[in-house]
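Subject: Model for you to look at

Hello,

Here is the structure I promised to pass on. Please open it alongside this email.

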Amino acid sequence: EYKIGGPILSFGNCPQYITERKWKFKPQSARAPAKITSLSTSLSKQQQALISAATTMFIGTGHPATGIDASHRGGPIGFVRVVDAHTIMWPDFPGNHMLKSLGNIEANGKLGVWFGDFVSGSVIQMTGKGRIVWGNSEEGRKEAKALRDAAISTETARFPDNFNWVVFRAEKIVERSDALAVQWDLRDDYVDLEVTRIEQETKDIKSFYLSRSSTKPNSNRKREGQDQKGLTAPIPGQYLPIFVNPSTHAYVRGDNSKPLDRTYTISGYSDKHYRLTIKRVRRGKVSNFFHDEVKEGTVIQSRDPQGHFVLQNVVSEHNTRQAETPDQVVFISAGIGITPVLSILRDLVTKVEADPKTFPTPPSIMWVYGTQGPEALPRTLHKEVSTLVSRYRKVGGKAIQLTQFSQYTPEKLREATFSPSEAEDVRTGRMTAQGLKQWLKDKGIASKTSHFYVCGPTGFMGMLSTALEGCENVFTETFGPSAAAPRT
């Protein structure tokens with residue numbers, strides 16, 4: 001038995017797992033009275049379809065000694081698997097690593113689960129028993145795979161084998177109609193974009209230029225915040241949520257099969273196009289679809305740009321947290337992690353060029369980028385970095401550009417056909433925490449006042465957490481799956 005009262009604790013949710021929507025408020029006066037439309041112990045076909053397509057859910061857990069916890073769970077379409085008419089399962093994404101809900105489920109398996117149909121306004125509330133299948137054991141990984149393989153719902157979202165999974169068996173299922181005041185129409189969220197140009201950056205990386213389509217049904221619909229070409233201007237560093245269906249090519253509206261949703265950083269923007277720079281991922285359905293099937297003229301669907309990995313300082317109107325104006329700004333990325341960091345660099349350089357009086361002494365810029373070798377450099381993006389560094393120097397700013405090739409030796413690099421820019425320092429060998437820490441120290445980087453923008457694969461980010469330990473203004477974006485928790 002639990003009593004409401006006493007202290008209330010709040011934990012933030014990572015925006016990576018929250019799908020932003022263009023919502024509308026529907027007051028009670030505009031809705032029919034809420035009523036129970038279904039009371040059962042098993043999920044109907046319609047309820048199974050709603051859960052399989054969910055990107056948002058809420059769970060309630062409790063511990064006799066510490067109280068009640070209500071928390072959000074979100075992910076791509078298909079992150080919740082319907083195992084059978086009584087059982088569902090979902091992955092526990094790495095987040096704040098507090099494991100509060102998981103701890104409650106381990107101590108007390110009673111669980112409440114909530115799904116909303118934000119189009120019709122109905123909700124599904126379930127109570128029952130939950131258990132955890134831990135991904136850090138061979139036995140747990142085998143059980144989770146067996147459950148996923150046996151599931152009713154089609155697997156549209158894949159997760160690392162070492163993720164933890166919550167398995168829930170419903171004992172009571174209640175569906176209510178007209179219960180939601182916050183609603184949205186999925187059709188209002190879509191914008192049709194046409195691929196107008198494709199550039200091969202490396203063997204595994206392509207840049208796709210997307211403009212508003214003039215051939216699809218909603219292409220003339222203009223929304224608040226769009227420019228004259230109908231594109232919503234992104235904040236540099238943001239990503240674009242897109243929807244494709246590889247089985248029927250990219251255009252998905254009116255298609256009964258489920259589209260796959262992904263988010264790709266906008267590596268470049270003009271009033272005519274977005275540029276998405278996409279790396280081919282082994283077994284990646286959408287990235288391989290882009291590389292193998294998408295051509296000029298292909299139409300895909302997207303929502304407005306989203307994300308909070310943007311320039312943070314007093315001259316930026318896009319602050320997501322308070323931060324002092326830095327004397328030094330350090331950009332560190334690896335692989336395809338270059339895409340948002342380049343956009344933020346461009347934003348800073350453009351601001352200094354546009355209003356030099358605001359920057360009598362512009363902050364020093366340090367650009368650090370790691371990849372396997374010259375053949376893995378995204379050609380267009382790397383050239384833009386060098387150009388931005390040169391432009392910054394012309395307006396009185398200090399800028400250093402470091403490129404490090406992890407799979408090269410000095411001898412091998414001398415044999416390569418690679419010409420660094422005038423301001424570029426090139427190094428070889430794998431980037432290490434100790435080496436990077438020493439380089440930053442040699443360059444006089446102040447850990448307390450400098451700003452760091454870092455992005456890259458999970459292993460690279462782990463190395464950076466060590467290298468930047470003690471630094472106060474570190475802004476991060478992680479690409480790729482994270483490790484499961486708990487860690488051993």
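Below is what was found in it.

This is a predicted model, with residues numbered from 1 along each chain as its sequence is written. Local features need pLDDT of at least 70, side-chain atom pairs count only at pLDDT 80 or more, totals for chains, interfaces and linings use all residues, and side-chain values use heavy atoms, leaving out hydrogens and water.

Overall picture

The chain has 488 residues, and 49% of them are buried (under 20% relative accessible area, with exposed over 50% and partly exposed in between; 1.4 Å probe, protein chains only). Its secondary structure comes to ten helices and 22 strands. These are DSSP runs, numbered from the N terminus: helices are H or I with at least four residues, strands E with at least two. Residues 24 or more positions apart account for 71% of them.

Around β21

Strand β21 covers residues 451-456, and six of its six residues are buried. His451, Tyr453 and Cys455 point one way, while Phe452, Val454 and Gly456 point the other. β21 pairs with β17 in the parallel sense over five bridges; pairing takes at least two DSSP bridges between the strands. Ile332 has Val454 as its bridge partner in β21. β21 also pairs with β22, again parallel, over six bridges. There, Phe452 is partnered by Val474.

Asn473 lies in β22 (residues 473-478). Asn473 is buried, at 12% relative accessible area. Its side chain reaches the backbone oxygen of Lys448 at 3.5 Å.

Aromatic rings

There are twelve aromatic pairs in the structure. Rings of Phe, Tyr and Trp (its six-membered ring) pair if their centres lie within 6.5 Å; planes under 30 degrees apart count as stacked, over 60 as edge-to-face, the rest as tilted. Phe331 and Trp367 form a tilted pair, 6.2 Å centre to centre with 35° between the planes. Phe331 sits in β17 (residues 328-334) and Trp367 in β18 (residues 364-371), so the pair links parts of the chain 36 residues apart. Phe331 is buried at 0% relative accessibility, and Trp367 is buried at 1%. Ring pairs link both into a cluster with Phe309, Tyr453 and Phe475.

Two charges sit over rings. The charged end of Arg197 is over Tyr209, 3.8 Å from the ring centre. That of Lys412 is over Tyr408, at 4.4 Å. The test is NZ of Lys or CZ of Arg within 6 Å of the ring centre and within 35 degrees of the ring normal.

Helix α5

The buried residues of α5 (residues 285-292) are Val286, Ser287, Phe289, Phe290 and His291. They pack against β12 (205-212), β13 (239-244), β14 (260-269), β15 (274-279) and β16 (299-302).

A loop residue

Asp178 lies in the loop between β9 (164-177) and β10 (182-183). Asp178 and Pro33 are 145 residues apart in sequence but 6.6 Å apart in space, C-alpha to C-alpha. Leaving out residues up to four places away in sequence, Asp178 touches Arg31, Ala32, Pro33, Ala34, Ser120, Gly121 and Ser122.

Best wishes

Terms used:
Contact = heavy atoms within 4.5 Å. Polar contact = N/O pair within 3.5 Å; in protein donor to acceptor, adjacent residues only side chain to side chain.
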